[in-house]
Amino acid sequence: VKATETRAVYRFENLFIKVCASYKLKDQLRPAAKCEFKSYRKLANHNIPCVKHLGWGRCGHYTALVTEAWTSDAVDAINYWAKMVYEVRDTTEFLNELTVFLRQIVNSPLKHGDFHLGNILYSPAEKSFALVDLHNVDIGKEHTVRKKADMLQILADVRSSLRPQQMVDMLWEIGQIDADTAA
């Protein structure tokens, strides 16, 4: 499916298998696949929508993480958004669904070190979202207004196609913060 210098993702029927290789002692003692699997379990316990992780394993300096394919039509949210804008389609429904999803995420105790639309899958058929790439995710304390604002920088990915007032309205609705802070 995709590959970098340190990892590759393969699809086998209804499964995705992410294989990572590292000779670093740190990675051997704390494998990324194990951390990502633990993160999934924490998020699942908090009812945060994410791709189902089935297990992880190690063989030498290789680790593998097995996840279930979320839906057959799943696409990353940033590419779906770009396609909608490029095709000049009505984005209202997508933005409303994104607002509901982000409200749940931003007002949860989720800590995400790489929060962007590329790490969110979207199912047009189910009209729902799920987090993916949970390697830098944990559960923490309730977010302050500042932390909510930081997480809402994710909306920068869609701002080019929104009127400024639409953006302020989304910030206010998602973060449940006052209009002056949203502005």
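Analyst: The second largest pocket has a volume of about 540 Å³. Val1, Val9, Phe16, Leu121 and Val132 are the closest to its centre among the 26 residues that line the second largest pocket. A pocket here is an open set of points on a 1 Å grid over the protein atoms alone, where a 1.4 Å probe fits, with protein on both sides within 12 Å along at least five of seven lines; lining residues have an atom within 4 Å of a point. The volume is the space filled by probe spheres set on the points, which are joined across faces, edges and corners.

User: What kind of model is this, and how are residues numbered?

Analyst: This is a predicted model, with residues numbered from 1 along each chain as its sequence is written. Local features need pLDDT of at least 70 and side-chain atom pairs count only at pLDDT 80 or more, while totals for chains, interfaces and linings use all residues; side-chain values use heavy atoms, with hydrogens and water left out.

User: How does the lining of the second largest pocket divide?

Analyst: Into twelve nonpolar, six polar and eight charged residues. Ala, Val, Leu, Ile, Met, Phe, Trp, Tyr, Cys and Pro count as nonpolar, Asp, Glu, Lys and Arg as charged, and the others, Gly among them, as polar.

User: And the largest pocket, what is its volume?

Analyst: About 680 Å³. Its lining has 25 residues, with Arg30, Pro31, Ala32, Cys35 and His135 nearest the centre. That lining holds seven nonpolar, eight polar and ten charged residues.

User: Which helix gives the largest share of that lining?

Analyst: Helix 2, with seven residues. Helices (H or I, at least four residues) and strands (E, at least two) are DSSP runs, numbered from the N terminus.

User: Switching to helix 4. What should its 15 residues span?

Analyst: Helix 4 (residues 92–106) should span 21 Å at 1.5 Å a residue, and its end C-alpha atoms are 20 Å apart, which agrees. The expected span is 1.5 Å times one less than the number of residues.

User: Which of its residues are buried?

Analyst: In helix 4, Phe94, Leu95, Glu97, Leu98, Thr99, Phe101, Leu102, Ile105 and Val106. Their cover includes helix 3 (77–86), helix 5 (145–151) and helix 6 (164–175).

Methods:
Buried < 20%, exposed > 50% of the residue type's maximum accessible area, 1.4 Å probe, protein only. Contact = heavy atoms within 4.5 Å.
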